[in-house]
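These notes are meant for someone opening the structure for the first time. They go from the whole chain to single residues.

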Amino acid sequence: MGQANNELLLKQIEPVKEMIKTCIQCGTCTASCPNIEFMDITPRHMWRLLLTDHIDALFSSKSFIMCSSCYYCTLRCPRGLELTNAMSLLKQAASKLKLKKFKSSSLFYKAFLDSVKKHGRVREMEFMTHYFISMKNPVIPFGYASLGLKLLAKGKIRPELPSGGKGKLDALFEKVAELEG
Ligand code: SF4
Ligand code: SF4
């Protein structure tokens, strides 16, 4: 990571460090997390790395990307720390800084939210089409072809034409962006 990018990253994660500074390393967050088997390091370990300024090690891991925002850890942390929000801020930092390792996840989130913003819900076919286009890799869709056909056959998804015009939730998203500065 270049120096300029490193400085930006430090600036982005400073509020996260502040949020978890009273962590006592009890491990309750790790024990509560339903996605732990998909993480390469535990949430408790992540907070330790952050508090000891091992930022490169933290961003070498994809654990925070695996967080599904279920809020279990936040509800159970004995220090009452906002752990789910901390995870979200780490995802945002990786996305804002366009870190290559997280490119696929960032584009997936963007395509998902664009669909919600446009329709007030996810339109699966349109969302995945936008995701594949943004990845600029013609091979990726083939990996999903058999799953897509199965879902189509069972009526779980249906072909939908892309729609233009104003999004249903544009105003809501604009308000949130304004509040978040
Ligand atoms: S549950 Fe809270 S105090 Fe315990 S390790 Fe996790 S963040 Fe730290
Ligand atoms: S909010 Fe994220 S990190 Fe916390 S328990 Fe749920 S999935 Fe795990």
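How many Å separate the centres of domain 1 and domain 2, taken over C-alpha atoms?

1. The two centres are 26 Å apart. Domain 1 covers residues 3-97 and domain 2 covers residues 103-180; such bounds come from an automatic or database domain assignment.

2. On the source: this is a predicted model, in which local features need pLDDT of at least 70 and side-chain atom pairs count only at pLDDT 80 or more, while totals for chains, interfaces and linings use all residues. Residues are numbered from 1 along each chain as its sequence is written, and chains are lettered from A and ligands numbered from 1 in the order in which they are written.

3. Overall make-up. The protein has 10 helices and zero strands; helices (H or I, at least four residues) and strands (E, at least two) are DSSP runs, numbered from the N terminus. The C-alpha trace spans about 50 × 35 × 35 Å along its principal axes. Of the 181 residues, 18% count as buried. A residue is buried if 20 or more other C-beta atoms lie within 10 Å of its own, exposed if 12 or fewer, and partly exposed in between, with C-beta atoms placed from the backbone.

4. Contacts along the chain. Two residues are in contact if their C-beta atoms, placed from the backbone, lie within 7 Å. Among contacts with a separation of 6 or more, 61% join residues 24 or more positions apart.

5. Ligand 1. The shell holds 15 residues, and those that come nearest are Cys23, Cys26, Thr28, Cys29 and Cys77; a residue is near a molecule if its C-beta atom, placed from the backbone, lies within 6 Å of it. Helices α2 (28-32) and α3 (43-51) each supply at least two residues of this shell. By class, the shell around ligand 1 has 10 nonpolar, three polar and two charged residues. Here Ala, Val, Leu, Ile, Met, Phe, Trp, Tyr, Cys and Pro count as nonpolar, Asp, Glu, Lys and Arg as charged, and the others, Gly among them, as polar.

6. Two packed helices are described by the angle between their axes and the distance between the axes. For α7 (residues 103-119) and α8 (residues 124-135), the axes come within 9 Å and cross at roughly 145°. Axes are lines fitted to C-alpha atoms, for helices over the stretch in contact, and angles run from 0 to 180 degrees between N-to-C directions. On the α7 side the contact is made by Ser104, Leu107, Phe108, Ala111, Phe112, Asp114 and Ser115, and on the α8 side by Glu126, Phe127, His130, Tyr131, Ser134 and Met135. Seven of these residues are nonpolar, four polar and two charged.

7. Arg123. This residue is found in the loop between α7 and α8. Is Arg123 exposed, partly exposed or buried? Arg123 has 19 other C-beta atoms within 10 Å and is therefore partly exposed. Leaving aside neighbours within four places in sequence, Arg123 is in contact with Ser115 and Glu160. Arg123 and Leu161 are 38 residues apart in sequence, with their C-alpha atoms 10.0 Å apart.

8. Two loop residues with positive phi. Ser69, in the loop between α4 (55-60) and α5, has a phi near 55°, a positive value in a residue other than glycine. Lys98, in the loop between α6 and α7, has a positive phi of about 50° and is not a glycine either. Ser69 counts as exposed because 10 other C-beta atoms lie within 10 Å; Lys98 is exposed with 10 C-beta neighbours inside 10 Å.

9. Two helix residues. Pro15 lies in helix α1 (residues 3-19) and counts as exposed because it has 12 C-beta neighbours inside 10 Å. Ala171 belongs to helix α10 (residues 170-180) and is exposed, with 10 other C-beta atoms within 10 Å. The C-alpha atoms of Ala171 and Lys150, 21 residues apart along the chain, are separated by 36 Å.
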